[in-house]
Amino acid sequence: MAALTKEQFEIPAKMRAWSLGLIAAGVLAFILGLVTKGLSGDEHKKAEFIGTLMYNSIFWLLVCNASMFFICITTLAMGAWQVAIRRIPEAISTLVKIFGPIAFVILVYVVIVDHNHHIYHWISDEAKEDPVLKGKLGFLNPTFYLIWTTLAIGLWMLLGARMRKLSEEADDAALRGEEPGKSFIWRNTVSASLFIVWFALTVGSTVPWLWMMSIDAHWYSTMYSWYTFASSFVSGMSLIALWVIYLKNKGYLQYANEEHLHDVGKFMFAFSIFWTYLWFSQFMLIWYANIPEETVYFKHRVDGPYKGIFFLNLIINFVCPLLILMKRAAKRNYTLMTFMAVLIIFGHWIDFYQMVMGSIRKEDAGISWLDFGIAAFFVGMIIFFVGKALASKPLTPKYHPFMKESIIHHT
Amino acid sequence: MHLKYESQLREPLVYGEKTYHQVTEDICRPIEAKPSKLWYIGFFIAVALLLFGVYSVYREVTYGIGQWNLNKTVGWGWDITNFVWWVGIGHAGTLISAILLLFRQGWRTGVNRAAEAMTIFAVMCAGQFPIFHMGRVWMAFFTLPYPNTRGPLWPNFNSPLLWDVFAISTYFTVSLLFWYSGLIPDFATVRDRAKTKLRKHLYGVASFGWIGSTKHWQRHESLSLVLAGLSTPLVLSVHTIVSFDFATSVIPGWHTTIFPPYFVAGAVFSGFAMVQSLMIIVRKVFGMEDYITMGHIEAMNKVIVTTGSIVGVAYLTELFMGWYSQNKYEGYTFWYSRANLFSPYGWSYWGMMACNVISPQIFWFRKMRRNLFVTFFMSVIVNIGMWFERFVIIVTSLYRDYLPSSWSVYYSPTIWEMGFYLGTFGLFFTCFFLFAKYFPVIAIAEIKYVLKTSGESYKDKMAAIEEQEPDEFAHAHAH
């Protein structure tokens with residue numbers, strides 16, 4: 001069996017062509033969007049254009065960063081099953097190095113260069129007169145925004161790179177034996193804890209408030225960041241699943257089998273339910289208390305132009321995973337898993353769309369060619385750079401101390 | 001045949017040269033021996049506390065809620081604080097048995113039985129408070145929805161308090177089933193070893209005629225998995241609904257959307273602390289250090305530091321939003337009634353912060369996680385902290401409401417309020433002492449299940465496998 005599988009990933013020409021094609025389509029969409037909306041002189045069209053760039057860059061950045069979160073939590077939990085597929089989330093997490101700066105440029109442009117108050121109302125001079133916004137300016141101000149965004153993205157990149165660097169040791173037979181193994185696990189644990197702590201202070205709390213929640217500058221919800229995290233994490237797991245399936249289909253990943261895919265599927269299932277749980281908790285509590293300052297967020301989402309998207313969000317992200325992924329056989333089936341992974345990523349992309357665009361453009365909703373075009377750019381980039389990262393080192397960290405447990409893993 | 005292998009880097013879950021027989025001997029010993037003096041002393045103290053509780057409740061039922069110091073602003077006080085506290089503690093058992101089963105955490109086998117028992121007793125204690133808080137407790141059946149001759153008069157389905165009735169009774173039922181189905185094979189083991197007729201009969205009845213056939217085991221395993229699947233959402237739902245009791249309201253400090261997941265994290269946090277307190281005593285008294293190892297204690301401390309930090313993030317989130325919302329009522333509650341140390345109840349907020357967020361951070365250090373004294377001390381501190389948390393939430397949000405004229409005087413409990421609380425300790429420990437005497441405190445069958453993969457003497461035999469090249473290994477054992 002081992003002879004049939006390949007250990008070193010080589011980027012197929014077709015994959016490269018697809019990724020470049022998608023990137024080109026994305027660039028084209030960007031240029032067209034820039035001309036028709038960005039530079040049109042209409043402030044609302046411009047805000048819509050920038051908003052599209054914002055939610056896409058934030059979404060895809062968080063989805064790729066979720067891979068590093070996955071590596072770190074499984075490391076801290078001393079998990080073994082994921083070792084056989086570990087290089088995939090590692091490769092996906094390299095995108096943080098690319099999407100991080102992209103998101104940074106876009107966000108900093110909005111706040112520092114453009115002072116776009118159609119997006120962040122707290123930037124405008126009116127905010128200084130507004131009794132509520134006035135009080136928030138200690139948090140919502142360009143200086144803090146710049147510092148915190150720099151720190152958040154910078155440390156994700158740095159701490160993630162540390163974890164990937166450590167992982168390279170597992171390619172070397174010298175890691176065998178108790179002492180080197182123990183030291184390896186220990187150093188991994190320390191690095192992973194650092195990442196997790198920073199993750200909790202950014203994705204788990206401040207960053208979604210700053211980047212996204214503050215678009216509705218008056219509104220607030222304590223759940224917001226955990227909700228955003230759940231949305232990006234479940235999409236991140238789906239992205240991992242897609243790459244596992246792709247590589248297996250191409251004859252790679254000799255140690256991974258449907259047992260491992262099954263476990264990735266369980267994460268997709270469980271965290272779809274978890275996302276729904278957070279969705280329900282946030283929505284129900286606001287609906288039940290019925291305080292106008294809070295319901296204002298949902299008013300046009302439930303009743304207005306976003307109604308369709310609102311329910312679509314629930315159907316794709318809750319009903320479908322619940323019904324389709326519940327069965328054991330489904331989580332072990334390549335076709336169904338591919339379908340569900342694509343659906344979940346799409347669903348949460350829509351979720352981010354309504355979170356951001358639903359606040360920038362309240363009066364009408366509609367996912368247009370621009371949204372798909374910009375998304376195509378990010379998807380193309382993911383395909384291109386994940387492929388590159390996978391090809392840069394062996395596909396399995398062979399001498400990882402828990403590799404053998406992963407090989408005989410039974411779900 | 002599935003290969004029994006586990007990395008040498010993992011600590012053994014069972015120490016010593018153990019055979020299946022030895023495991024049975026070790027775990028059955030306390031059941032078959034006469035209880036020690038210490039057991040009797042402990043048991044009688046527990047019963048005494050229980051009786052004091054019964055008397056306190058008797059006074060409350062006879063003379064009414066006026067026996068407590070609740071007033072028109074602080075309508076919930078110690079009673080609901082204690083209710084939430086006990087329910088929270090009751091979360092560890094199901095988390096260990098259900099969620100850790102789904103995550104295939106082998107170490108759960110050392111502690112799951114006692115944790116599940118503890119869960120059931122804690123939920124029993126919790127239930128007392130809302131029931132007796134009703135005042136006219138003989139009307140308690142009014143909470144049950146059934147077509148009746150009172151109109152018919154239905155309970156208010158829109159009220160989270162009613163959802164609590166459903167959530168907690170479901171939780172209790174499923175936890176009990178889970179616990180009991182795990183006990184069946186172990187009861188059969190005790191039955192087979194029984195020396196007296198009565199004992200044989202009683203354990204025989206309790207084990208439902210289990211004979212350990214393949215068919216029995218097969219059914220047993222599928223049942224465990226189904227119950228684990230059912231319990232997993234229950235771990236979340238119970239404390240979620242408890243949090244709804246507060247969060248659906250419009251009271252500052254209560255109405256916050258993060259409440260459900262943050263309550264669940266806090267519940268797991270306190271539950272593990274309670275398991276930790278009990279397990280440290282049990283392993284010492286029964287000499288079960290080979291089964292409840294330092295590794296188990298360390299793993300639980302990791303859960304404690306994780307959930308404690310999640311709770312910490314939630315506290316800070318709330319506090320931040322108290323300011324960020326620029327809602328002056330929220331701001332007053334969070335920044336004056338709570339975070340201001342010099343406000344009337346400021347001490348309770350900072351007590352909570354110190355116990356739940358700051359002090360558990362020492363468990364980032366391996367040395368501390370593996371120190372028995374520190375662990376025991378911290379497990380008590382965490383439960384004190386979690387009691388404070390509920391007290392803070394309830395009392396500091398209530399004692400000053402929108403209308404200053406109805407601000408209450410300083411609320412402190414009467415002796416009967418405290419007596420009721422002490423009584424639930426009595427109930428809890430009476431049950432736990434009986435459990436420790438008559439039930440196998442560690443799941444015998446489950447220990448046997450992990451013995452050959454994770455037992456110390458078996459792991460030594462895996463050294464050759466450890467040396468093998470991964471490819472060779474995969475060739476020989478991959479499926």
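Me: How far apart are the mean positions of the positive and negative charges of chain A?

Reply: The model is a predicted one, and the values are computed from it. Chain A carries 34 positive and 29 negative charges.

Me: How many helices and how many strands does chain A have, and what is its radius of gyration?

Reply: The secondary structure of chain A consists of 15 helices, with 0 strands. For its 411 residues the globule rule gives 22 Å, and chain A is close to that value, so it is as compact as a globular protein of that length. The radius of gyration of chain A is 22 Å.

Me: What percentage of the residues in chain A is buried?

Reply: A residue is taken as buried when its relative accessible area is under 20%. Applied to the 411 residues of chain A, this gives a buried share of 61%.

Me: What is the radius of gyration of chain B?

Reply: Chain B has 19 helices and 0 strands. The globule rule gives 23 Å for its 479 residues, and chain B comes close to this, so it is as compact as a globular protein of that length. Its radius of gyration is 24 Å.

Me: Which share of the accessible surface of chain B belongs to carbon and sulfur atoms?

Reply: In chain B, buried residues make up 58% of the 479. The accessible surface of the chain comes to about 20,200 Å², and the part belonging to carbon and sulfur atoms is 69%.

Definitions and conventions. Residues are numbered from 1 along each chain as its sequence is written. Chains are lettered from A and ligands numbered from 1 in the order in which they are written. This is a predicted model: local features need pLDDT of at least 70, side-chain atom pairs count only at pLDDT 80 or more; totals for chains, interfaces and linings use all residues. Side-chain values use heavy atoms; hydrogens and water are left out. Helices (H or I, at least four residues) and strands (E, at least two) are DSSP runs, numbered from the N terminus. The radius of gyration is taken over C-alpha atoms; the globule rule is 2.2 Å times the number of residues to the power 0.38. Buried means under 20% relative accessible area, exposed over 50%, partly exposed in between (1.4 Å probe, protein chains only). Lys and Arg count as positive and Asp and Glu as negative; His and the chain ends are not counted. The place of a charge is taken as NZ of Lys, CZ of Arg, CG of Asp or CD of Glu. Accessible areas come from the Shrake-Rupley method with a 1.4 Å probe; for residues, only the protein chains shown count as cover.
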